[in-house]
Amino acid sequence: MIEARHLRVLRAVADTGSFSAAARELGCTQPAVSQQMKALEQSAGTPLLIRAGREMRLTQAGAALVRHAAGILAGLTAAEEEVAAIAGLRAGRVRLVSFPSGSSTLVPTALAAMRAAHPGTRISLVEAEPPRSVEMLRDGDCDVALAFRYAGAEGPSGGAAGAGGSAPAAEWDDLVVRPLLTDRLVGLVPEGHRLAGAERLGMAELADEPWIAGCPRCRRHLVEVCEGVGFTPRIDFATDDYPAVAGLVGAGLGVAVLPELALESVRAKGVSTLAVEPAVEREIVALTLPDLARVPAVAATLAELERAAAR
C-alpha cells in the first residue's frame with residue numbers, strides 16, 4: 001500500500017534531485033529519506049529512482065507516480081481541511097427527523113441556537129413518527145431522531161407512544177438515548193361540555209362520548225387506555241393533525257386526549273383542557289447511533305435539544 005508520507009518524500013526528491021536536499025526540505029535526516037524511498041519502491045514493486053552519482057533521476061514508474069502524487073496530496077490536504085472544519089463545527093451537516101409536535105416546539109428553539117452558535121453547520125429536518133423515525137436512523141437516512149414512548153405501556157416490538165404502546169426497553173439498546181422531557185396527555189372537551197371546568201377528568205367518565213383520535217397507531221393506544229378503565233371508545237373521527245383534533249373538539253363533535261407538547265403549538269378555540277386520570281405520560285427522547293454521537297455537530301445538536309426541552 002502506497003502511503004501519503006512516502007509520496008511527499010518522492011516528490012521532494014524529484015524536486016531537489018537528491019536525498020540530502022530532500023531531507024533538508026522536509027526537515028528530517030538523509031537516512032530517513034532513504035528508508036522511506038526503499039519502503040515506497042517495495043510497495044510499488046518496481047524501482048522509482050535511478051541513482052547517478054549524487055543525483056537522482058526518476059524512472060518511468062517514478063515519473064508516473066510523481067505526476068499522480070500532486071493530485072493525491074492536494075486531495076488529501078483538502079480532505080484534512082474539510083474534516084478539521086467539520087470537527088471544529090465550521091462546516092458539516094446534521095439530518096434531523098422529528099414527530100410533528102416536536103417539530104413545532106423543541107426543534108425550532110434548538111435549531112435557532114445551533115445556527116447562532118455554529119452558522120457553518122447545515123441542519124435539515126423531515127417529519128416522521130416512531131417507529132419509522134427510528135428505522136430511518138438505523139438505515140442511515142438521518143443522524144438524530146426525536147422520538148417518544150409511553151411510560152409503563154407494553155407494546156409490540158418497534159411500537160412507541162402514539163403507536164399503540166411503547167417501545168420495549170430493549171428496542172433502543174443499540175442507540176444513544178438522550179432523555180429530554182416527560183410529556184403528559186391532557187383531555188379536550190368542548191367549552192360547553194358537562195365536564196368543562198373540572199380540575200380532573202377520569203377517562204371512564206367519557207365512556208359514552210364520541211371520540212376524535214389520531215392516526216391508526218394513536219387510535220390503538222387510545223383504545224388500550226380506555227379498555228384499561230373498562231370501556232371501548234366510540235371513535236367517530238380520526239386525524240393525525242393536532243389542530244384538526246382541537247377544531248373538531250371545539251365544534252362539539254367529540255372529545256379527545258392530546259400530549260401537552262402538542263397543545264403548545266395549537267390554538268384551541270372553544271376547547272377546555274383537563275388533567276386526565278389515570279395519568280398517561282410519554283418520554284420524549286433524542287436518539288442517535290453511538291458512532292454518530294461522537295461527531296461534533298451531532299453532539300452539539302443533542303445538547304441544544306436538551307436545552308430547548310429544559311426551557
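Q: Which residues in helix 2 meet helix 3?
A: A word on the source: this is a predicted model, where local features need pLDDT of at least 70 and side-chain atom pairs count only at pLDDT 80 or more, while totals for chains, interfaces and linings use all residues. Residues are numbered from 1 along each chain as its sequence is written, and side-chain values use heavy atoms, leaving out hydrogens and water. Helices (H or I, at least four residues) and strands (E, at least two) are DSSP runs numbered from the N terminus, and contact means heavy atoms within 4.5 Å. On the helix 3 side are Q30, V33, S34 and M37, and meeting them from helix 2 are F19, S20, A22 and A23.

Q: At what angle do the axes of helix 2 and helix 3 cross?
A: The axes are lines fitted to C-alpha atoms over the stretch in contact, with angles from 0 to 180 degrees between N-to-C directions. Helix 2 (residues 19-26) and helix 3 (residues 30-44) are roughly perpendicular, a label for 65 to 115 degrees (under 35 is roughly parallel, over 145 roughly antiparallel, the rest oblique). Their axes come within 8 Å, and the crossing angle is roughly 105°.

Q: Which residues of helix 1 are buried?
A: Buried means under 20% relative accessible area, exposed over 50%, and partly exposed in between (1.4 Å probe, protein chains only). The buried residues here pack against helix 2, helix 3, strand 1 (49-52), strand 2 (55-58) and helix 4 (60-87). They are H6, L7, V9, L10, A12 and V13.

Q: Why is the pair of F99 and F148 edge-to-face?
A: The structure holds 1 aromatic pair; rings of Phe, Tyr and Trp (its six-membered ring) pair if their centres lie within 6.5 Å, and planes under 30 degrees apart are stacked, over 60 edge-to-face and the rest tilted. F99 lies in the loop between strand 3 (93-98) and helix 5 (100-103), and F148, 49 residues apart from it, in strand 5 (residues 144-150). The ring centres of F99 and F148 are 4.7 Å apart, and the pair is edge-to-face because their planes stand at 85°.

Q: Is S103 buried or exposed?
A: S103 sits in helix 5. Leaving aside neighbours within four places in sequence, S103 is in contact with S98, P108, L125 and E127. With 10% relative accessibility, S103 counts as buried.
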